[in-house]
Amino acid sequence: MTAFTFAETLACWQRRAGRSDLPWQQYHTPYERWLSEVMLQQTQVETVIPYFERFLAAFPSVEALAAASEAQVMKLWAGLGYYSRGRNLHRAAQMVVKEMQGRFPTTADELIKLPGIGPSTAAAVAAFTSGEAKEPMIDGNVKRVLARIDGIPGRVGEKAFETALAAAARRKLPGSECIAAYTQGLMDLGSLVCRRKSPNCAACPVRNFCKAFALGCPEDYPRPKTTAAK
């Protein structure tokens, strides 16, 4: 079984059974997908939905967001947390308008130049808007899924674990023909099936690829982050 077969299987499952009714999924344009991906950083989908809808109603374009005051932006952001994201969102919109003539980038190399966009967010936006399959999107759900699939030992945050995880994510990248469905599929699988506790392995479309499932101990992968003693 090849890495592409894993990716193709997951992409097919996503198209058939994954989430397709989230408000940002109706867009294939970079402004809307960037807005959603920034909001989704360390925040649950259910929490993000009303914020995304209110933001888009108030700022329907990158020009509208750039023209707003920081106070207006942060008023709408209130309650979503991680407030530097809101400030960076505003700064990035102004950068797109002033330095990129309003043309929102769709490649990871360009996206990562914007404030508040790291490699994972850049990869996701590029996958969803231009089909670029250059870098993997790696969030908490993806780390859990791939750690179980490849049986990667260690804790989240440990250098050896993160290095092995990043290498596995790159190996499994499919081509542009299914990168969007594959990327969404990783997030959907981690959220709906391959849960941290009590994963539903019986419903998993890629369990035949999963080393943790074969070993009978999926919850052992990955080990949680260590927390500093108080």
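Trainee: How many residues line the largest pocket, and which lie nearest its centre?

Mentor: The lining of the largest pocket has 45 residues, and nearest its centre are Gln 42, Ile 138, Asp 139, Gly 140 and Asn 141. This is a predicted model, where local features need pLDDT of at least 70 and side-chain atom pairs count only at pLDDT 80 or more, while totals for chains, interfaces and linings use all residues. Residues are numbered from 1 along each chain as its sequence is written, and side-chain values use heavy atoms, with hydrogens and water left out.

Trainee: What counts as a pocket or a cavity?

Mentor: Both are found on a 1 Å grid over the protein atoms alone: a cavity is a set of points where a 1.4 Å probe fits but cannot get out, and a pocket is an open set with protein on both sides within 12 Å along at least five of seven lines. Lining residues have an atom within 4 Å of a point.

Trainee: What volume does the largest pocket have?

Mentor: About 1400 Å³. A volume is the space filled by probe spheres set on the grid points, which are joined across faces, edges and corners.

Trainee: Which element gives the most to that lining?

Mentor: α9, with five residues. Helices here are DSSP runs (H or I, at least four residues), numbered from the N terminus. By class, the lining of the largest pocket has 17 nonpolar, eleven polar and 17 charged residues. Nonpolar covers Ala, Val, Leu, Ile, Met, Phe, Trp, Tyr, Cys and Pro; charged covers Asp, Glu, Lys and Arg; the others, Gly among them, are polar.

Trainee: And the second largest pocket, what is its volume?

Mentor: About 190 Å³. Its lining includes Arg 15, Arg 33, Phe 128 and Gln 184, and α11 supplies the largest share, three residues.

Trainee: Switching to α2, why is it described as largely enclosed?

Mentor: Ten of the ten residues of α2 (residues 30-39) are buried, so the helix is largely enclosed by the rest of the structure. Buried means under 20% relative accessible area with a 1.4 Å probe, protein chains only. Among the buried residues are Arg 33, Trp 34 and Glu 37.

Trainee: What covers them?

Mentor: The cover includes α3 (45-58), α4 (62-67), α5 (70-77), α6 (84-99), α8 (119-130) and α11 (179-193).

Trainee: At what angle do α2 and α8 cross?

Mentor: Roughly 145°, with the axes coming within 9 Å. Axes are lines fitted to C-alpha atoms over the stretch in contact, and angles run from 0 to 180 degrees between N-to-C directions. The crossing of α2 with α8 is right-handed, meaning that the near helix is turned clockwise from the far one by less than a right angle.

Trainee: Which residues meet there?

Mentor: Pro 30, Arg 33, Trp 34, Glu 37 and Val 38 of α2 meet Thr 121, Ala 124, Val 125, Phe 128 and Thr 129 of α8. Contact means heavy atoms within 4.5 Å. These residues divide into six nonpolar, two polar and two charged.

Technical notes:
Buried means under 20% relative accessible area, exposed over 50%, partly exposed in between (1.4 Å probe, protein chains only). Helices (H or I, at least four residues) and strands (E, at least two) are DSSP runs, numbered from the N terminus.
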